[in-house]
Amino acid sequence: MPTPILRRLAPADAEAAAAVIRTAFAAQTLATDPPSSALRETATSVRAHLAEHGGAGAEGEAGLVGLVLWAERDGGLYLGRLAVLPRWRGHGLARALIAEAEAEARRRALPRLHLRVRLALDDNRRLFTALGFQSIDEGAHPGYAEPTFAMMEKALA
């Protein structure tokens with residue numbers, strides 16, 4: 001596989017980006033309760049996010065194969081979506097996309113990246129831990145008494 005090119009995403013990428021998000025999140029290792037809101041992403045919702053906040057994508061020969069969306073929030077750069085198409089997993093794209101997010105945070109003089117990850121998705125938590133994130137707290141989706149997600153952050157030097 002040729003190495004995808006990393007680039008900033010623009011609102012014009014919204015339709016392709018929404019499709020990557022839905023495909024990647026549908027291929028999680030197990031279903032989550034509640035179901036991921038990523039499965040409901042549309043070109044309209046992604047276009048609005050990109051216009052206001054931003055993100056980076058990995059472009060392969062046939063189009064987007066991975067992406068990360070971000071927003072400046074709570075004193076850091078919040079990563080709302082990290083999505084890599086299933087056939088492209090295991091090729092270092094998640095690491096490269098997180099590196100792009102780190103570079104963006106540094107451009108904005110933000111001291112950390114942060115995100116939420118489902119507690120049920122051990123493989124995702126292991127990935128973020130391997131990328132330098134640490135669990136800092138847990139939370140529950142509305143209507144759930146027990147925690148459903150971990151909040152993780154990565155301090156930037």
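Select proline 34 and arginine 118: the backbone oxygen of proline 34 lies 2.6 Å from a polar atom of the arginine 118 side chain. That is a polar contact (a pair of N or O atoms within 3.5 Å; within protein, one must be able to donate a hydrogen and the other to accept it, and residues adjacent in sequence count only if both atoms are side-chain atoms).

Before you go on, remember that this is a predicted model, where local features need pLDDT of at least 70, side-chain atom pairs count only at pLDDT 80 or more, and totals for chains, interfaces and linings use all residues. Residues are numbered from 1 along each chain as its sequence is written, and side-chain values use heavy atoms, with hydrogens and water left out.

Stay with arginine 118, which lies in strand 5. Helices (H or I, at least four residues) and strands (E, at least two) are DSSP runs, numbered from the N terminus. Buried means under 20% relative accessible area, exposed over 50%, and partly exposed in between (1.4 Å probe, protein chains only).

Now select aspartate 33 with proline 34. The peptide bond from aspartate 33 to proline 34 is cis, with omega near 0°, and proline 34 sits in the loop between helix 1 and helix 2. Most peptide bonds are trans.

Next, visit two loops. Aspartate 74, between strand 3 and strand 4, has a positive phi near 50° and is exposed at 62% relative accessible area. Alanine 109, between helix 3 and strand 5, has a positive phi of about 60° and is exposed too, at 66% relative accessibility. Most residues other than glycine have a negative phi.

Finally, select Ile21, Leu67, Leu79, Leu113 and Phe133, the residues with the most contacts inside the largest nonpolar core, which has 42 residues. Such a core is a set of buried Ala, Val, Leu, Ile, Met, Phe, Trp, Tyr and Cys residues joined through side-chain atoms within 4.5 Å. Helix 1 gives the largest share, seven residues. Beyond its neighbours within four places in sequence, leucine 113 is in contact (heavy atoms within 4.5 Å) with residues including Leu77, Leu79, Ile98 and Phe133.
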